[in-house]
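Please look through the structure below before reading on.

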Amino acid sequence: MSNDPLIRFGTDGWRALIARDYTFENVRICAAAVAAYLKEEGLGERGAVVGYDTRFGSPEFAAEAAAVIAASGIPAFLSDNVSPTPVVSYNILHRQAGGGVIITASHNSGLWNGFKYKPDYAGSAPPEIVERIERHIDALQAAGGVDAPRGDAPRAQTVEMAAPYLANLASVIDMRAIGAAGLRIGVDAMHGAGAGFVSAALDGVGANVQEMRAERNPAFPGMKQPEPIEPNLGPSIEAARAGRFDVVLANDGDADRLGVLDENGAFIDTLSTFSVLCLHQLDGKGLRGPVIRSLTQSAMIDKLAALYDVPVHVTPVGFKFVGPAMITEQAVAAGEESGGYAFQGNIPERDGIFSGLLFVELMARTGKRASELVKLLFDKVGEHAYDRLDVDLAPGDPKPDTQALAAKPPASIAGLKVTGTDTMDGVRYVLEDGFWGLIRPSGTEPLLRIYAEGDNPQRVAEMLQELRGLAGA
């Protein structure tokens, strides 16, 4: 009986170690549960799209998932090639499908793979949908699992997914302005699914694009994991410092996250990146509407919103909260600390490719260097600094009691007065001048995450150490 491991979706989908828990049998169970949910909702006739990343076994796992969905009587549209998560998500809208599945573990190490489900609106599934899919998973596990489809079962249709996505990019982002600006654009695909998409989007407009780590390598060599953060971007940083690029755009394993290096090879933290992009939406493009941010996103968003007289809505961590809020509020932008951002004119979901092109569009329109865009932001909202500390948790390690920590906050952290706490997701210490610190167990990995935003890098380093002490980590 296949009832171990317990398959549970975290912040965004189910992830597990390949061969130990991530097996064809368990992928079949997840796919059959999605099919059952689609039928239950009356969405089966609209079909489901299925895509996959560059990880070990991802094409084969995706084919298995598509086969199970097709065998259930639901049309299944299987990508003909590696496809980033935002590309697969966009194709849900393009095909008006009932939902979609992406075989990916996003930014986890190469030992992992995963299973993401996207509803018909092409965003992350909220908790209520996840719970219903998990109930079907539990029932299928209790029944002994799901057999591989027989040879005479209906089969999935193989489809091309890149073209519709690229067409939408061209309709929203000023590619010609980017081409005319003469920018030297570096793209670090980190051996992930995003390889080739920025080049394809800018094909024919005269842009100078050079891609790095674009070949598929499921081992993701030279990095702890394919997450576009400074410790993982060594080759790109070296190239930028050598004067080869005006900007470097880096995407994670499934290209739904963005990391940015400026012309000097300095990493622009994710809070500053999202704030710069929101400034572009509100000022450069003149858009007006709410902005959605997770509680780990920057206080700069609130300050920008006050300047441009738009509301801000704060959610727990994860696009399963951020995305639905974006739809409900008809927001012009939505983002979280991890480098996942969404914008009006695209899907209500993280898109590292779209976000990167939006950043380059801003450079082209303003004529400013990447570092100058950050200075422009700070001129409007004051200087901010940010960092995050990830502490590994071994199996059985106790997690901090966030309710107890919130009930007895310190008077100050690194010299900043504590003005309040909240426990929306972990424990967040609200500090003077809008700054903050957060202690939160990860929803996708065995990690304790500690976050801090302050007025300078030295203060942030002190905040992280004090927060780590409070967490007992």
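K116 and D254 face each other in a salt bridge, with 2.9 Å from N to O. A salt bridge here is a side-chain nitrogen of Lys or Arg within 4 Å of a carboxyl oxygen of Asp or Glu. The pair links distant parts of the chain: K116 belongs to strand β5 (residues 112-119), while D254 sits in the loop between β9 (247-251) and β10 (258-261), 138 residues apart. Helices (H or I, at least four residues) and strands (E, at least two) are DSSP runs, numbered from the N terminus. Both K116 and D254 are buried, where buried means under 20% relative accessible area, exposed means over 50%, and partly exposed lies in between (1.4 Å probe, protein chains only).

This is a predicted model, in which local features need pLDDT of at least 70 and side-chain atom pairs count only at pLDDT 80 or more, while totals for chains, interfaces and linings use all residues. Residues are numbered from 1 along each chain as its sequence is written, and side-chain values use heavy atoms, with hydrogens and water left out.

A further salt bridge joins R350 to D256, with the closest N and O atoms 3.5 Å apart. R350 lies in the loop between β15 (341-343) and α12 (352-366) and D256 in the loop between β9 and β10, so this pair ties together parts that are 94 residues apart in sequence. R350 counts as buried because its relative accessibility is 3%, and D256 counts as buried because its value is 0%. R350 also forms a salt bridge with E349, where the closest N and O atoms are 3.7 Å apart. E349 and R350 are both buried. Through shared partners, salt bridges join D12, K116, K118, D254, D256, E336, E349 and R350 into one network. The structure holds 32 salt bridges.

Next come the nonpolar cores. A nonpolar core is a set of buried Ala, Val, Leu, Ile, Met, Phe, Trp, Tyr and Cys residues joined through side-chain atoms within 4.5 Å. The largest one has 62 residues, and L169, I178, I185, V247, L357 and F359 have the most contacts inside it. Helix α12 gives the largest share of this core, 9 residues. Apart from its neighbours within four places in sequence, I185 is in contact (heavy atoms within 4.5 Å) with I178, L202, N208, V209, Q210, F245, V247, L249 and V360. A second, separate core of 41 residues includes F9, A31, A48 and V130.

The buried residues are T85, P86, V87, V88, S89, Y90, N91 and I92, and they pack against β2 (48-52), β4 (99-103), β5, α5 and α7. Just after α3, Q96 takes a positive phi of about 55 degrees. In helix α11 (residues 319-329), F319, K320, V322, G323, A325 and M326 are buried. Their packing partners are α4 (127-142), β12 (291-294), β13 (312-315), β14 (333-335) and β15.

On a 1 Å grid over the protein atoms alone, a cavity is a set of points where a 1.4 Å probe fits but cannot get out, and a pocket is an open set with protein on both sides within 12 Å along at least five of seven lines; lining residues have an atom within 4 Å of a point. Grid points are joined across faces, edges and corners, and a volume is the space filled by probe spheres set on the points.

The whole structure has 2 cavities of 30 Å³ or more. The largest cavity has a volume of about 200 Å³. It is lined by 19 residues, of which T11, R257, V317, S338 and R449 are the closest to its centre. The second largest cavity has a volume of about 60 Å³, and its lining consists of F9, G10, T11, D12, G13, Y117, S124, A125, V130 and K320.

The second largest pocket holds about 240 Å³ of space. Its lining has 19 residues, with N81, V82, A193, A195 and F197 nearest its centre. Helices α5 (162-172) and α7 (197-201) each supply at least two residues of that lining.
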